[in-house]
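Welcome! Here is a short tour for someone meeting this structure for the first time.

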Amino acid sequence: MEKQPSWKVIIGMEVHVQPKTESKMFCECKNDPFCKDPNIHTCPVCMALPGSLPVANEKAIEEIIKLGVALNSKIASYSCFARKSYFYPDLPKGYQISQYDKPFCQGGELSVNGKKIKITRIHLEEDAGKNFHPKGTDYTLVDLNRAGVPLIELVTEPDIESAEEAKLFCQELQLVLRYLKISDADMEKGQMRCEANISLVPKGTLEKDKLSGTKVEVKNLNSFKAVERSIEFEIKRQSRILERGEKVVAETRGWSEGKQGTVSQRSKEEASEYRYFPEPDLPPILVDPKDVEKLRDNLPELPQEFRKRLRDEYKLAPSAIEAFTCDKNLGNYFEEAGSELRAWWEDTSKEKFSKDIYQLLANYLITEIKKYLSVSKTDIKDLLVTPENLAELIVMLYENKINSSAAQTILAKMLEKGSDPDQIAKELDLLQISDNSALTEIVEKVLSNNPQAIEDLKSGKEQILQYLIGQVMKETRGKANPKVVDDMIREKIFGK
Ligand SMILES: [Zn+2]
């Protein structure tokens, strides 16, 4: 049995995001860090040639403020850039332009599973280039396509208490960035990079003393799985050290995918070692509160609001809500088909709008359509099935005009050809017989052939009914609507 953990886990996250602006942060070079040809998108500014001067990218500033507004941060009306000095071969200036004591956004929060994770700050900086070590050689090449690309850095308060919570935080932040169209935030591509600061204190430590443990920073987390596994690993590693009565070393560690563990990289620098000072080549940035309000008014719907709407308006099950929130394109498709269902319902003036028809639609989208998209590697915008046609298919199923196996057959044809479900049903002769007059003769024949079954049914053996329905289904080659047949037999035998 696993020993009960006697440590309280304290985690703060640092997340870097590449906003998808047209140009780099301080020059007009194209923001294309994944360009295959090295050093194509460079100029005197991002190559740090003497005498070149940076100019801040207005769009990048707008994007960071948008993020701050979405996360309820306080937007600074006065902020400035700062030089952070350190030497890397892929950082030709010998310093990075970042922000220090006057970031664009301070405070804020992001809810994860109902818990608010507080945000310390969000600031803007530039990325470094990339070093390459060609296989089989003993030298390193430098590619500066990425040098000077804008980076948004978000730092949380040490509010996170488990590896899973850290992963959920990063996933939720990725959704927010995508909903705001700031970045695709693809971790595999390095568009979003996470670092975790982890420390342990004895369980029962007072809230005010929770930072008394020794902080270890873990870098190189380029997947959600790596975020979760590296933190799990660190919690185990640190608790073993502490249980032996030893001290955890304050250091930066890197996650090694191959070793499935963290390895020591270097001891942690203090802020003073970076020798921050205000960037003399860039003026302070004054943000007009009116512009902030304009951004606030034009914010798109955020994941949390979309979840709430899927729950309140469509009464979907939690798993469907998550599926549509995490895949907004699928969610949008659901809403388009859903509005067709609503229009149909209003037209047919049914007494009561039963919302389970939305769940039926959701089930088909999440299972059949999603499976098709992934197997055929099709983008949802190239899907041949229109939301209108999918809604029509769901209505046919809901009204028992077709059974569920026919619906599968029809949908397969729709995915292949994009035609109208009603037409396919007619062509393939899949429409159920729901018309009493068309079924009367067959029902009567089945009943007259089974006098014993009728006696049994009358004496209370309900299960005989299924047998009789089965006989009618057989006679109609599976096309009779079982619900209608059920009603007809009951009426003939019990007169109701
Ligand atoms: Zn440039």
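This is a predicted model: local features need pLDDT of at least 70, side-chain atom pairs count only at pLDDT 80 or more; totals for chains, interfaces and linings use all residues.

## Helices 7 and 8

Helix 7 passes helix 8 in a right-handed crossing. On the helix 7 side, the contact is made by Leu-330, Tyr-333, Phe-334, Ala-337, Gly-338 and Leu-341. Facing them from helix 8 are Ile-357, Tyr-358, Leu-361, Ala-362, Leu-365 and Lys-370.

Helix 7 covers residues 328-348 and helix 8 covers residues 356-376. Their axes come within 10 Å and cross at roughly 140 degrees. The two helices are therefore oblique to each other, because only angles over 145 degrees count as roughly antiparallel.

## Helix 12 and what covers it

Which residues of helix 12 are buried? They are Leu-439, Val-443 and Val-446. An α-helix has 3.6 residues a turn, so residues three or four places apart point the same way. What covers the buried residues of helix 12 includes helix 14 (464-475) and helix 15 (482-494).

Helix 12 and helix 14 pack with their axes 10 Å apart, at an angle of about 130 degrees. These two helices are therefore oblique to each other, and their crossing is right-handed. Helix 12 brings Ile-442, Val-443 and Val-446 to the contact, while helix 14 brings Leu-468, Gln-471, Val-472 and Glu-475.

An open sheet has 3 strands in the order 5-4-16, and the pairing is antiparallel. Strand 5 (95-98) and strand 16 (277-278) are the edge strands, each pairing on one side only.

Strand 4 (residues 82-85) is joined to strand 5 by 4 bridges. Within this pair, Arg-83 of strand 4 stands opposite Ile-97 in strand 5.

## A closer look at Ala-76

Our last stop is a single residue. Ala-76 lies in the loop between strand 2 (74-75) and strand 3 (78-79). Is Ala-76 buried or exposed? Ala-76 is buried, because 22 other C-beta atoms lie within 10 Å, and 20 or more count as buried.

Leaving aside neighbours within four places in sequence, Ala-76 is in contact with Lys-102, Pro-103, Phe-104, Gln-106 and Val-287. The C-alpha atoms of Ala-76 and Gly-107 are separated by 11 Å, although these residues are 31 residues apart along the chain.

Terms used
Residues are numbered from 1 along each chain as its sequence is written. A residue is buried if 20 or more other C-beta atoms lie within 10 Å of its own, exposed if 12 or fewer, and partly exposed in between; C-beta atoms are placed from the backbone. Two residues are in contact if their C-beta atoms, placed from the backbone, lie within 7 Å. Two strands pair if DSSP finds at least two bridges between them. Axes are lines fitted to C-alpha atoms, for helices over the stretch in contact, and angles run from 0 to 180 degrees between N-to-C directions. Angles under 35 degrees count as roughly parallel, over 145 as roughly antiparallel, 65 to 115 as roughly perpendicular and the rest as oblique. A crossing is left-handed if the near helix is turned anticlockwise from the far one by less than a right angle, and right-handed if clockwise.
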